Amino acid sequence: MTSAASVTALQKQFILEHRNDDVRQLALSAHRYPTVNVAEAIVQISGWQAARRKLPRWAAIDDILYPPHLSLEQCSSQLTAAYKASIIESGDTMADLTAGFCVDAAYLAQKYHHLHVVEHNARLCQIAQNNLPLLGITHFTISQGEAEELLDSLPSQDLLYLDPARRDEHGGRVVAISDCTPDVIRLQDRLRAKASTLLIKLSPMLDLRQILSSLTSVSKIHIISVEGECKELLVKITSTATTPEIICVNLKSDGTLQRLAFTDASEHQSTCPYAATPDTYLYEPNASIMKAGCFKTIATTYAVRKLSPNSHLYTSDNLVPDFPGRTFQVQAVTPFNKKAMKNFLQGIQKANLTVRNFPQSVNELRKRLKLSEGGDTYLFATTLLDNTKVLIKTSRVSKPA
């Protein structure tokens, strides 16, 4: 078992010297290092290599210990953990009931005077004992055990945080809330009795209506994407919850974010204007907005028009610089027929292809158009308001810093 005490000076030197190596090749040459536990060193080396991308703050500290791959795969990224800390109020005490590698706990704890870590895995508890002080978190206690078993003996908290495991006893992925561990649906009354605020991280695959029908007192659901990829759903439950608010967020690696908030009522009351043909600019909403389905709210908020009810593409004559998604300048539009497309695609050997409300898939269309992937041309295959199938040729618009 790796612990702070078991990482000898020799082991640490080996890890630092080889942490940029190919771990597969390193494993094959383990016999060359008889005085080093190469298998344990590889866990640390591969962990550091993953942390460089996902957790650069962790990777910058040489004495951080890393868990096996699965725990690193399941933990939050630095970007999403920092976002969680930014949306909660400061308080006295909090508990992370499913701490894992303690990425979320390390950020959330910055808003509280005391952090209680609950984790069933003994190895992860040892790693947390080593890592948290290195990250500036010294006001913590650790309890090894299951959240369900320790919950009743836990003192009252200002915040309870949970990230239920999404794998069954055989290691297979699960999505439904009730299939995750712990089952927060079954525990929700006990959880609310212990804290005024609950924060629960859930799979991005879950349907929002399922969450609202399964959990009570939901005040907010944050749909969190990173660089256009939907990563997680974050549910906030409070004792004073009224109308649930849905918040769509796209985090960028440069520290900026795109944000759009709405309620079911505001979406229902919004109107969505339509355009017969694309105007000067074309907009593709980010993944969080596509997940939320707030297609009328986005049109009203940003003064854009939709191409058709099911296309989920928008257009405008004037540039909307803060639109939450990708922005393109329209160069040409053609009906989807063989003769028109031949002239339309003349001189184009490769393009970035997107399909929205269109009968063919990207792969089928790419094969038919004989286009390789990449380049500066962006093609959208979609259906207009009058049911006409078209190709839209565009170029990417860079947004101001």
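Predicted model: local features only at pLDDT ≥ 70, side-chain atom pairs only at ≥ 80, totals over all residues.
User: Why is C102 called buried?

Analyst: C102 has a relative accessibility of 3%, and buried means under 20%, so C102 counts as buried. This residue lies in the loop between strand 1 (91–96) and helix 7 (103–108), and C102 has a positive phi of about 65° although it is not a glycine.

User: What makes H312 count as buried?

Analyst: The relative accessibility of H312 is 17%, and the cut-off for buried is under 20%, so H312 counts as buried. H312 sits in the loop between strand 11 (305–306) and strand 12 (314–316), where its phi is near 55°, a positive value in a residue other than glycine.

User: What makes the peptide bond from T181 to P182 cis?

Analyst: Omega of the bond from T181 to P182 is near 0°, and the bond is cis. As for its setting, P182 belongs to the loop between strand 4 (157–162) and helix 10 (184–194).

User: How do you know that strand 14 and strand 15 pair?

Analyst: Pairing requires at least two bridges between the strands, and strand 14 (residues 350–356) and strand 15 (residues 372–383) have seven bridges in the parallel sense, so they pair by that definition. Within this pairing, L353 has L379 in strand 15 as its bridge partner. The chain passes from strand 14 through helix 16 (residues 362–369) to strand 15, and this β-α-β crossover is left-handed.

User: What makes strand 15 and strand 16 a pair, and in which sense do they run?

Analyst: Strand 15 and strand 16 (residues 389–396) share six bridges in the antiparallel sense, and the definition asks for at least two, so the two strands pair. A381 stands opposite L391 in strand 16. In the hairpin of strand 15 and strand 16, five residues lie between the strands, and N387 takes a positive phi near 75°.

User: Which residues line the second largest pocket closest to its centre, and how are the lining residues divided by class?

Analyst: The second largest pocket holds about 590 Å³ of space. Of the 26 residues that line this pocket, N250, K252, Q258, G325 and K399 are the closest to its centre. By class, the lining has ten nonpolar, seven polar and nine charged residues.

User: Which strand gives the most to that lining of the second largest pocket?

Analyst: Strand 9 gives the most, with three residues. Strand 9 (257–262), strand 10 (281–285) and strand 13 (325–335) each supply at least two residues of the lining of the second largest pocket.

How values were computed: Residues numbered from 1 in each chain as written. Heavy atoms only, no water. 1 Å grid on protein atoms, 1.4 Å probe; cavity = no way out; pocket = protein on both sides within 12 Å on 5 of 7 lines; lining within 4 Å. Points joined across faces, edges and corners; volume = space filled by probe spheres on them. Helix = DSSP H or I, 4+ residues; strand = E, 2+ residues; numbered from the N terminus. Nonpolar A, V, L, I, M, F, W, Y, C, P; charged D, E, K, R; others polar. Buried < 20%, exposed > 50% of the residue type's maximum accessible area, 1.4 Å probe, protein only. Right-handed = clockwise from strand over helix to strand, strands pointing away.
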